[in-house]
Amino acid sequence: MVGEVIGRDPGPLSTAASGSHLVFIGADVVTKVIDTGRHSRLVREIALAPHLPAGLTAPLLASGIQELATREVRFACYDRVPGTPPGMGLPDVDEPTARRLVQQAVDRLLTLHGWEPADAARAVLLDVDDDGGFTGRDTLVARIEKLKAHELPRPVLDGLAAIAERAPEHSPRTTPLHADCHWSNWLAHNGDITALLDFEWARLGDPLDDWFFLIRFSGPHLTLALTTVSQATGIPADDLRTHCETREAAYLTADVLTALENSGPQAAAGRIQDLETLTVQRLWHT
């Protein structure tokens, strides 16, 4: 299939780990494949690809729908950009390399945040379902109220209530965001960022949403990442910590509710522990 759609032999293809797609990697091409009935996020990525700032992500070569045996699949073929993901938490990355990667990632996100999308791209960025993120105080409060029915520990609920009290009333939907820019969605080569991948969650929102992902998943370099973002944006570090705390509360409460309502307490146990780290241990203020 890959050779047919790009008009040349892609050479040997290997599979790559992915939680939501089949991903095939060749010497100079990467192809994502998903059943058309699973979700529509790849449609968003394909629609945005021609409009994104040059050099930000891997160029799209071809996309479409194919019949494979009894399945209908959607595919997207991209130029393979040099590099590998630094990985969630920046494992085995020393401080000088982390400093360089974070600064380059910040620069690329500032480019994205400053992009003025054309009408077609703006329509895609506005057409997004609830991703579990922070949209405003009332939504966060409503999630916390629902959690009370599931008998979470009182210190966790009290901590969440305190976070919600500090949260802004609304979150603007004005800036182009990646909205999932943790370190497994970046590529780096020889210590330099080469691309930001997976624009399936891209939307209009508050730049703080992207800064949260970049900072939170920097592992032992969290403080370095937070300081770098603070210096680049002019947001005081303490304010940035509070904004990140709010966003983590939003994502975790959404995840815990989904797990409790669909699968039960055992499935939610890990995320409830994350809530305890957030609220009782006060992750963002230690």
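**Pockets and sheet**

Guide: The largest pocket holds about 970 Å³ of space. A pocket is an open set of points on a 1 Å grid over the protein atoms alone, where a 1.4 Å probe fits, with protein on both sides within 12 Å along at least five of seven lines. The volume is the space filled by probe spheres set on the points, joined across faces, edges and corners.

Visitor: What should I know about the model itself?
Guide: It is predicted: local features need pLDDT of at least 70, side-chain atom pairs count only at pLDDT 80 or more, and totals for chains, interfaces and linings use all residues. Residues are numbered from 1 along each chain as its sequence is written, and side-chain values use heavy atoms, leaving out hydrogens and water.

Visitor: Which residues lie nearest the centre of the largest pocket?
Guide: Lys32, Ser184, Asn185, Leu197 and Asp198, out of 39 lining residues. Lining residues have an atom within 4 Å of a point.

Visitor: Which strands and helix supply at least two residues each?
Guide: β2, β3, β5 and α2 do. Helices (H or I, at least four residues) and strands (E, at least two) are DSSP runs, numbered from the N terminus.

Visitor: Switching topic. What is the strand order in the sheet?
Guide: β1-β2-β3-β5-β4, in an open, antiparallel sheet. Strands pair if DSSP finds at least two bridges between them. β1 (14–16) and β4 (60–68) are the edge strands.

Visitor: How many bridges join β2 and β3?
Guide: Four. In one of them, Leu22 has Val33 of β3 as its partner.
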